[in-house]
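Colleague: Could you walk me through how to read a model like this one?

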Amino acid sequence: MTDDELAEIVVRTERANQAWVDGEWDAGYGSFISHADDVSIYGPFGGPLTLGGKEWAARGPQAVKQFSNGASKLHVLASYQSGDLLVLVTLEEQRTDIANKVRHPWSLRTTQVYRREGGEWKVVHRHADPLTRFRSTEETLALAAPP
């Protein structure tokens, strides 16, 4: 992978994140997620793994509808590349209108894996969570407690 290829993927990821916080699926991750059966997504709301690009393509357009009027900045903290795989470890610093909350913080720490498919880089794994600040043991246990 060249530096130019990496820079292109980072720009494309920034655009996809911006589209997400603006409530746009097709302009963002809709064109960036692989449709392969081995795609895996751990979304920022928690819950079980979404497995399969086709499932994510069906769920993503519904999930993104709750966002609008966003602002997003991507900070790449680390990257790892081997052959046709790339991993980006990032902080997505965002604000968006969501769930009737205007300009709500929506920053996420993410790990995203890309795979070259047919000459194009596609997202094959994404893990995003809103745990961007350090929490005490008690706060962490409260998050992990059963409902």
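We will go from a helix to a pocket and then to some backbone angles.

Modeller: Happy to. This is a predicted model, so local features need pLDDT of at least 70 and side-chain atom pairs count only at pLDDT 80 or more, while totals for chains, interfaces and linings use all residues. Residues are numbered from 1 along each chain as its sequence is written, and side-chain values use heavy atoms, with hydrogens and water left out.

Colleague: What span does helix α1 reach from its first C-alpha to its last?

Modeller: Helices (H or I, at least four residues) and strands (E, at least two) are DSSP runs, numbered from the N terminus. The expected span of a helix is 1.5 Å times one less than its number of residues. Here, α1 covers residues 3-21, 19 residues in total, and reaches 27 Å, close to the 27 Å expected. Just after α1, Gly23 takes a positive phi of about 80°.

Colleague: Which residues of α1 are buried?

Modeller: Buried means under 20% relative accessible area, exposed over 50%, and partly exposed in between (1.4 Å probe, protein chains only). In α1, the buried residues are Ile9, Val10, Thr13, Ala16, Asn17, Ala19, Trp20 and Val21. They pack against α2 (53-64), β3 (67-82), β4 (85-98), β6 (108-117) and β7 (120-129); contact means heavy atoms within 4.5 Å.

Colleague: Why does Asn17 count as buried?

Modeller: Asn17 counts as buried because its relative accessibility is 2%. Leaving aside neighbours within four places in sequence, Asn17 is in contact with Tyr29, Ser72, Leu74, Glu92, Gln94 and Arg126. A polar contact is a pair of N or O atoms within 3.5 Å; within protein, one must be able to donate a hydrogen and the other to accept it, and residues adjacent in sequence count only if both atoms are side-chain atoms. The side chains of Asn17 and Glu92 make such a contact at 3.4 Å.

Colleague: And Trp20, what does that residue touch?

Modeller: Trp20 is buried at 15% relative accessibility. Not counting residues up to four places away in sequence, Trp20 touches Trp25, Tyr29, Trp56, Gly60, Ala63, Val64 and Phe67.

Colleague: What volume does the largest pocket have?

Modeller: On a 1 Å grid over the protein atoms alone, a pocket is an open set of points where a 1.4 Å probe fits, with protein on both sides within 12 Å along at least five of seven lines; lining residues have an atom within 4 Å of a point. The volume of the largest pocket is about 400 Å³. Of its 24 lining residues, Trp20, Gly43, Pro44, Phe45 and Trp56 are the closest to the centre. Two or more lining residues come from each of α1, β1 (40-42), α2, β4 and β7, and α2 gives the largest share, three residues. The lining divides into 14 nonpolar, seven polar and three charged residues.

Colleague: Which way does phi point in most residues other than glycine, positive or negative?

Modeller: Most residues other than glycine have a negative phi. Asn100 has a positive phi, near 65°, and lies in the loop between β4 and β5 (101-105). Asn100 is exposed, with a relative accessible area of 83%. Arg103 also has a positive phi, about 50°, but is found in strand β5. At 29% relative accessibility, Arg103 is partly exposed.

Colleague: Where is His104?

Modeller: His104 is in strand β5 and is partly exposed at 35%. His104 touches Gln94, Arg95, Thr96 and Ile98, again not counting residues up to four places away in sequence. The C-alpha atoms of His104 and Gln94 are separated by 8.4 Å, with the two residues ten apart along the chain.

Terms used
Points joined across faces, edges and corners; volume = space filled by probe spheres on them. Nonpolar A, V, L, I, M, F, W, Y, C, P; charged D, E, K, R; others polar.
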